[in-house]
Amino acid sequence: MRIDVVTIFPDYLAALDLSLVGKARRAGLLDLRVHDLRDWTTDRHRTVDDTPFGGGAGMVMRPDVWGQALDELLTDPAEAGAGDEAEADVPPVTRGAHLVVPTPSGEVFTQRRAEELATEDRLVIACGRYEGIDARVVERYRASGHRVSELSIGDYVLNGGEVAALVMVEAVGRLLPGVVGNPHSLVEESHGAAGLLEYPVYTKPPRWQDRDVPEVLLSGHHARIERWRRDRALERTAARRPDMIAALDPRQLDAHDRDL
Ligand code: SAM
């Protein structure tokens, strides 16, 4: 998969050289390219923002600069010169690239969205700053047939889209085949197919500061361990995320679950 991130702070994305995502890049599993939006400016001051029409606080990112960047990154080079019939100001639609625009006013980015994005060949993530990106940018790429997702990583406001991009690249990247060493570790996780939070986990030593690991986990009895884990996952989800319990399909519950 290829992911292009466009930002005015490319250094923010340096963390993506570390850990599993960094390893995936070096192994060629993830082609991640970080771009400085200012490279598409044409003025001496490399300006990317201006005052909002209608007044009000803050600055807004200019559509013309974003347009230069996104036309280049969203356009499939194989199609770029093709089609005399194409409208001059509308770039040919790329087959692969999906434009992701982080914004607190977007749909919430969930594990399901991460799974969907992980099936794409190419993502382009446009990191806003200030009061955000001029609204015509999203309108224009949708109108020209690109897939565009405006996504929020939660109900709070950050200073810029870079942290959201880090979240999305990591959540999507770890789903790519070969990135997480043991693919089984993806199966039982929180927000997985079971629709539950994960059960509590323990490691050595078996006793720490007068606290014992639950006896069942030391028993070696596979079926009892599975049952215990399922029960704890249900209890934890009911206590912390009743909305997830309400969203469960009753067919996902067994008779023992219903007694809990
Ligand atoms: N004025 C905008 C609003 O009220 O919706 C907030 C702009 S915010 C200060 C600047 C940039 O940070 C946004 O354009 C977006 O890229 C990013 N951002 C902030 N909070 C975010 C969130 N919860 N999820 C995703 N991106 C976010």
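# A tour of the predicted model

Select Trp-66 and show what surrounds it. Beyond its neighbours within four places in sequence, Trp-66 is in contact with Met-61, Ala-126, Ile-133 and Val-137. Contact here is defined by C-beta atoms, placed from the backbone, that lie within 7 Å of each other. Trp-66 sits in helix H2. Helices (H or I, at least four residues) and strands (E, at least two) are DSSP runs, numbered from the N terminus.

Trp-66 is buried, with 24 other C-beta atoms within 10 Å. By the definition used, a residue is buried if 20 or more other C-beta atoms lie within 10 Å of its own, exposed if 12 or fewer, and partly exposed in between, with C-beta atoms placed from the backbone.

Before moving on, two notes on the model. Residues are numbered from 1 along each chain as its sequence is written. The model is predicted: local features need pLDDT of at least 70, side-chain atom pairs count only at pLDDT 80 or more, and totals for chains, interfaces and linings use all residues.

## Stop 1: the nonpolar core

Select Leu-99, Val-124, Ile-125 and Ala-126. The largest nonpolar core has 46 residues, and these four touch the most other members. A nonpolar core is a set of buried Ala, Val, Leu, Ile, Met, Phe, Trp, Tyr and Cys residues joined through C-beta atoms within 7 Å. In soluble globular proteins, nonpolar side chains tend to be buried together.

Now keep Ile-125 alone. Setting aside its neighbours within four places in sequence, Ile-125 is in contact with Ile-3, Val-5, Val-100, Pro-102, Ala-165 and Met-168.

## Stop 2: helix H5

Select residues 136–143, which form helix H5. Which of its residues are buried? They are Val-137, Val-138, Arg-140 and Tyr-141. These residues cover an arc of only 165° around the axis, so they fall on the same side of H5. The arc is taken from the directions from the helix axis to the C-beta atoms.

Turn to the face directed away from that buried side. Exposed residues Glu-139 and Ala-143 are there. Next, show what covers the buried residues of H5: the cover includes helix H2 (63–74), strand E5 (97–108) and strand E7 (147–152). Gly-145 follows H5 and has a positive phi, near 95°.

## Stop 3: strand E7

Select Arg-147, which is in strand E7. Arg-147 counts as partly exposed, with 16 C-beta neighbours inside 10 Å. Apart from its neighbours within four places in sequence, Arg-147 is in contact with His-98 and Leu-99.

## Stop 4: the ligand

Centre on the ligand. How many residues surround it? There are 19, and the closest are Pro-102, Gly-128, Gly-132, Gly-161 and Ala-164. A residue is near a molecule if its C-beta atom, placed from the backbone, lies within 6 Å of it. Strand E5 gives the largest share of this shell, four residues.

Colour the shell by class. It has eight nonpolar, nine polar and two charged residues. Ala, Val, Leu, Ile, Met, Phe, Trp, Tyr, Cys and Pro count as nonpolar, Asp, Glu, Lys and Arg as charged, and the others, Gly among them, as polar.

## Stop 5: loops

Select Thr-75, in the loop between H2 and helix H3 (77–80). Thr-75 is partly exposed, with 17 other C-beta atoms within 10 Å. Thr-75 and Ala-97 are 22 residues apart in sequence and 8.1 Å apart in space, C-alpha to C-alpha.

Move to Gly-56, in the loop between strand E3 (49–50) and strand E4 (60–61). Gly-56 counts as exposed, with 9 C-beta neighbours inside 10 Å.

## Stop 6

Zoom out. The chain is divided into domain 1 (2–173) and domain 2 (187–259). Domain bounds come from an automatic or database domain assignment. The C-alpha centres of domain 1 and domain 2 lie 38 Å apart.

Select His-191, in the loop between H6 and E8. His-191 is not a glycine, yet has a positive phi of about 65°. Then pick Pro-205, in the loop between helix H6 (162–173) and strand E8 (207–208). A cis peptide bond joins Lys-204 and Pro-205, with omega about 0°.

Finish at Asp-210, in the loop between E8 and strand E9 (211–212). Its phi is positive too, near 65°. Asp-210 counts as exposed, with 5 C-beta neighbours inside 10 Å.

Technical notes:
Two residues are in contact if their C-beta atoms, placed from the backbone, lie within 7 Å.
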